[in-house]
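Please take a moment with the sequence and the structure shown here before reading on. The paragraphs after it are meant to be followed with both in view.

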There are 2 protein chains.
Amino acid sequence: MALPVLDFWFDFASTYSYLAAMRIGPLAQKAEVRVRFRPFLLGPIFKAQGWSTSPFNLYPAKGRHMWRDLERSCAELELAFRRPDPFPQNSLVAARVALVGLDQPWGEAFCRAIFRAQFADGRRIDDTAAIGDIRRDLSSTPRARSRRLNPMQSKRGCGRKPRRRSGSASSVRRASRPSTANCFWGNDRLESALRWARAAAARG
Amino acid sequence: MALPVLDFWFDFASTYSYLAAMRIGPLAQKAEVRVRFRPFLLGPIFKAQGWSTSPFNLYPAKGRHMWRDLERSCAELELAFRRPDPFPQNSLVAARVALVGLDQPWGEAFCRAIFRAQFADGRRIDDTAAIGDIRRDLSSTPRARSRRLNPMQSKRGCGRKPRRRSGSASSVRRASRPSTANCFWGNDRLESALRWARAAAARG
């Protein structure tokens, strides 16, 4: 029987998406749910709200709390953390490369590498050179090399149906439209979303 | 040795405070942390941000998600839920009565009863008659009667130092001031806050 599917929508510049991206793999495996990484862009949604930047910058008290909360959450999860500068970074190039990679074996590892580069190592992710470096580091690991030589060794690379991909307008519409009654918002709802995906699949 | 103390700041009209108020007792007992219920008023904080009502009303997409999320969270926690109408309700009278009760044995039970009346039973909590009804219901339970007759039977009523109480300006200042570097925000951080209180006490 096919596993239940959960779409994991995220922006590479989103702070709590870092936590979710690093947690979702093992949790989904345990819950027996197949996760599809879905990078999209928050910028157009912010603009539609009349915001010129992240609300964490627009509301300083909200921002101060978020950074402290993120630091504490990383410590609890034993994830490295370094506050990115600048914040937020433009995630368009990273999202475009990820959309290519997610139809190939290296997509999810690339996504995690982008998050780690930005939130653990304090590196820039907002230009093609930076993304190129991260992509090169990734492809020089032994595991990545073996995958590149023989992509069929990667289970995730086999037998998947072609999927429609979009990095801008349509994914933004989908992510923000009110008819998605069972969107779960944020890293804090990861476990609930996985339980929901399982229960929905069981109901048929 | 005295137990570590955690201040639980909440507004009776706050949706996620309903979840936290219903969960905090058993969790704190298990964590061996003493919790102090601290009702305060969100209204002045909203006003200081230029908001005339709850952000859940000002931003309809945020509001829609919150109500759905709250409904799902209540289902997971096996808590009854009914969407309050109107929302938010003025919580001033409830907070004032709670501040009296929290120096007596019936305070925490009263706080939970206010949350249940509003979020489980769909009752009004915004006038003195409604609060009077809830208070009367509470004092007619056998446990409450025995406490009323002999308040010293209640462990929580014994041996506590007098504490400064405030339901408006000063508690609002305290809750919103940036120097409170280890505020934990929301029901989602309840477990983290309890762990933090324990660890902070252990460090001395």
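Predicted model: local features only at pLDDT ≥ 70, side-chain atom pairs only at ≥ 80, totals over all residues.

What follows moves from an outline of one chain to selected elements and residues.

Read from the N terminus, the elements of chain A follow the order β-α-β-α-α-α-α-α-α-α-α-α. Of the 204 residues in chain A, buried residues make up 28%. Among the contacts in chain A with a separation of 6 or more, 74% are between residues 24 or more positions apart.

Within chain A, helix α6 covers residues 107-119, and its length can be checked by simple reasoning. At 1.5 Å a residue, the 13 residues of α6(A) should span 18 Å, and because the end C-alpha atoms are 18 Å apart, the expectation and the model agree. Several residues of this helix are buried, including A:Phe110, A:Ile114 and A:Phe115, as well as A:Gly107 and A:Phe119. The buried residues of α6(A) pack against α1 (15-31), β2 (34-39), α5 (92-101) and α7 (128-139) of chain A.

A residue in another helix of chain A, A:Met66, lies in α4, which comprises residues 60-77.

Turning to chain B, strand β1 (residues 5-10) and strand β2 (residues 34-39) run parallel and are joined by six bridges. One of the residues involved is B:Phe8, whose bridge partner in β2(B) is B:Phe37. Together with helix α1 (residues 15-31) of chain B, the strands β1(B) and β2(B) make a right-handed β-α-β unit.

Helix α10 of chain B, which spans residues 190-203, holds B:Ala193. Because 25 other C-beta atoms lie within 10 Å, B:Ala193 is buried. Not counting residues up to four places away in sequence, B:Ala193 touches B:Leu6 and B:Phe184. B:Ala193 and B:Val35 are 158 residues apart along the chain, while their C-alpha atoms are separated by 11 Å.

Methods:
Residues numbered from 1 in each chain as written. Chains lettered and ligands numbered in written order. Helix = DSSP H or I, 4+ residues; strand = E, 2+ residues; numbered from the N terminus. Expected span 1.5 Å × (residues − 1). Buried ≥ 20, exposed ≤ 12 C-beta atoms within 10 Å, placed from the backbone. Contact = placed C-beta atoms within 7 Å. Pairing = 2+ DSSP bridges. Right-handed = clockwise from strand over helix to strand, strands pointing away.
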